[in-house]
Amino acid sequence: MSLNAYLILSTLLFCIGLFGVIRRKNLLMLFFSTEIMLNAVNVGLAAISKFHGDLTGQMFAFFIVAIAASEVAIGLGLLILWYKKTGTIDLDSMQRLKG
């Protein structure tokens, strides 16, 4: 496969994730859409890295995977707490947060 094919795939995945972030009201689906966007960036970085013969892009991809894993762990913990407190995970229910 050529570099353009990987970049087109990465762009399509990113657009799908971006559409999910914009359209979804459910926090769990928002996390899934964010993961799709991060993985799209990883595909692009790994493809560019391979075609240029440099490992820098692949190192960034590993770093992004580690950040995404920690983001999901913290986010899901907060999501479970929010669901136990309110009984819903809609974004509209979070607009009335009390400090």
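Q: Let's begin with residues 6-22: how much of that span is helix, and how far apart are its ends?
A: The span is 100% helix and 0% strand, with its end C-alpha atoms 24 Å apart. Bear in mind that this is a predicted model.

Q: Which residues does the UniProt annotation "transmembrane region" cover?
A: The record, an unreviewed entry, gives residues 6-22, 27-48 and 60-83. Residues 60-83 come out as 100% helix and 0% strand too, and their end C-alpha atoms are 34 Å apart.

Q: Why are H1 and H2 called roughly antiparallel?
A: Helix H1 (residues 3-23) and helix H2 (residues 27-52) pack at an angle of about 165°, their axes being 8 Å apart. Angles over 145 degrees count as roughly antiparallel, so H1 and H2 get that label. As for handedness, H1 passes H2 in a left-handed crossing.

Q: What makes up the contact of H1 with H2?
A: On the H1 side you'll find, among others, Leu3, Tyr6, Phe14 and Gly17, and they meet a set in H2 that includes Leu30, Ser33, Met37 and Phe51. Sorted by type, the residues of this contact are 17 nonpolar, six polar and no charged.

Q: Is Ile22 buried or exposed, and what makes it so?
A: Ile22 lies in helix H1 and has a relative accessible area of 61%. Exposed means over 50%, so Ile22 is exposed. For a sense of place, Ile22 and Ser33 are 11 residues apart in sequence and 9.3 Å apart in space, C-alpha to C-alpha.

Q: Why does Asn42 count as buried?
A: Asn42 is in helix H2, and its relative accessibility is 9%. Buried means under 20%, so Asn42 counts as buried.

Q: And which residues is Asn42 in contact with, leaving aside neighbours within four places in sequence?
A: Those would be Ala61, Ile64 and Val65.

Note on methods
Residues numbered from 1 in each chain as written. Predicted model: local features only at pLDDT ≥ 70, side-chain atom pairs only at ≥ 80, totals over all residues. Heavy atoms only, no water. Axes fitted to C-alpha atoms, helices over the stretch in contact; angles between N-to-C directions. Helix = DSSP H or I, 4+ residues; strand = E, 2+ residues; numbered from the N terminus. Parallel < 35°, antiparallel > 145°, perpendicular 65-115°, else oblique. Left-handed = near helix turned anticlockwise from the far one by under 90°. Contact = heavy atoms within 4.5 Å. Nonpolar A, V, L, I, M, F, W, Y, C, P; charged D, E, K, R; others polar. UniProt positions renumbered as here; feature names shortened; annotations may be inferred. Buried < 20%, exposed > 50% of the residue type's maximum accessible area, 1.4 Å probe, protein only.
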